[in-house]
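Reader: I would like to go through the assignments in this model one at a time, and to hear for each the value and the criterion behind it.

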Amino acid sequence: MANVDEHSESVTQQDRSRLNVSAARSYFAIGILWVINMVNLMDRYIIAGMLNRVKDYFKIDDSFTGLLQTVPTCSYLALAPLFGYLGDRYNRKILMGVGIAIWSTAMLAGSFVTEFGFCLLNLCLAFVGVGQASFATIAPTVIADLFVDARRTWALCAFYIAIPIGSGLGYILGSSMLKLTGDWHWGLRVTPCIGALNILLLAFLMPNPHRGASENLTEALNSRTSWYQDLKYLMTNWSFMLSSLGFATVAFTTGVLGFWGPDFLERANQVSSSTKNSVYSKDSLVFGAIVCSSGLFAVLVGAVLSKTLRSKNAQADPIICAVGLLLSAPFFYFGIVFADKSMVAAFVCIFFGELFIGLTWVIVSDILLYVVIPTRRSMAEAVQITISRVLGDAFSSYIVGEISTALQKGRPSSTYRKFVSLQYALLICPFMVVIGAALFFCTANHLEEDQTNTVKHIQDSSEVVG
């Protein structure tokens, strides 16, 4: 059975010379994209690290609080298809640079809203999502054009390590700035400064390989197909569609726990201690450390398992994802159920739940890159983002907030009632990851056929070049 590993061992020295991209510069590019991706994730979770203070400042309930996650995610997914289409056709450095400028400016503007500006804050967050959409759809395709095979897997591993580190630092930064200044607004003013530096790095030091460079395709073979043709191709690629649906359950769960996790643990802490904790609770710091450490291990373990098992079983990648999700479900369940009984047990369960669910991050992106032809990868990234956000974290935080608020209605308000209502709402997460596991098992049935079709397309295109 032909596969990507058999197609090409690595990019030759002559290829790199022709592309004017040295090996050192390629690895430096990963460093630049890593920093931008880290800031991307920090911006998503800074507010979650100081959620209680933000809620008190605007005097909103759980359902309105969920909008702070839903609004940027909805704008993110709404613009992703556009940037995906543009990313397959126009200068990717310019598109990413414009996106970074938009989201950094919007983040800074959001730090100046007043207590009557809840809608204005959401508008700023919507523009943050717009800017982030450009980077998320395009960056992985740049990596794909700099590396192939095992090098690509490890490059993606390095890139996606920014997810847990950035997420954890978002909690820590938000909580720390709140504690340092006493004002949550300052938490939104740090990353825009890093964003300005990122634009300079992108403009002057980032290489811009042409599409399909790592597979030795020429610029002349770049996509000039219509948006409809690209979409039709992707919708009939079963490995891509099923893995994207499976990843939507991952996005749903991580989105909910990432947004509500620190608040839930603080409520559990208040119930177990029977006293109201300070707004400077250390729960956000501990949660951030757990997200960083578990995610770091998950990305590395996922990459190692993929590299080791893929050579023995062509279906290994989706099977690893499925097994990881099945293993995460009981840990999330017990972490939620026993949070008020033992905070240590809750933290341990969350760590292992995040570890197993995090195995999917690198692998799903790698699956996309080897089952989709090079000239449609940005569009594929955009469609996958849209699927995973619409069915995943675009509405998950808002849904959980609505469920929590509905469970509190008609009952006397108390610390215990607020905890229990959110606890019941969060129990949707373990069931979602089981559904995701089933979808990844289905992906395994189609993977070899779609991978073979992609390799055949690349080989046929290379013959045309010759």
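Values and criteria

Author: Lys59 lies in the loop between α4 (51-58) and α5 (62-65), where helices (H or I, at least four residues) and strands (E, at least two) are DSSP runs numbered from the N terminus. This is a predicted model, in which local features need pLDDT of at least 70 and side-chain atom pairs count only at pLDDT 80 or more, while totals for chains, interfaces and linings use all residues. Residues are numbered from 1 along each chain as its sequence is written, and side-chain values use heavy atoms, with hydrogens and water left out.

Reader: Why is Lys59 called exposed?

Author: Buried means under 20% relative accessible area, exposed over 50%, and partly exposed in between, with a 1.4 Å probe and protein chains only. Lys59 has 73% relative accessibility, and therefore counts as exposed. Its phi is near 55°, a positive value in a residue other than glycine.

Reader: What makes the pair of Phe259 and Trp260 edge-to-face?

Author: The structure holds 13 aromatic pairs. Rings of Phe, Tyr and Trp (its six-membered ring) pair if their centres lie within 6.5 Å, and planes under 30 degrees apart count as stacked, over 60 as edge-to-face and the rest as tilted. For Phe259 and Trp260 the centres are 5.4 Å apart and the planes stand at 90°, so the pair is edge-to-face. Phe259 is buried at 2% relative accessibility, and Trp260 is buried at 0%.

Reader: Why is the pair of Phe334 and Phe338 called stacked?

Author: The angle between the planes of Phe334 and Phe338 is 10°, with 5.8 Å centre to centre, and the pair is stacked. Phe334 counts as partly exposed at 39% relative accessibility, and Phe338 is partly exposed at 38%.

Reader: What makes the charged end of Arg189 sit over the ring of Phe112?

Author: A charge sits over a ring if NZ of Lys or CZ of Arg is within 6 Å of the ring centre and within 35 degrees of the ring normal. The charged end of Arg189 is placed over the ring of Phe112, 4.5 Å from its centre, and over the ring of Trp186, 4.5 Å from its centre.

Reader: Why is α8 described as largely enclosed by the rest of the structure?

Author: Of the 27 residues of α8, 23 are buried, so the helix is largely enclosed by the rest of the structure.

Reader: How do you know that the span of α19 agrees too?

Author: The twelve residues of α19 (residues 415-426) should span 16 Å, and the end C-alpha atoms are 17 Å apart, which agrees. The buried residues of α19 include Phe419, Leu422 and Leu426.

Reader: Why is Ala394 called buried?

Author: Ala394, which lies in helix α18, has a relative accessible area of 0% and is therefore buried. The C-alpha atoms of Ala394 and Pro72 are separated by 8.1 Å, although these residues are 322 residues apart along the chain.

Technical notes:
The expected span of a helix is 1.5 Å times one less than its number of residues.
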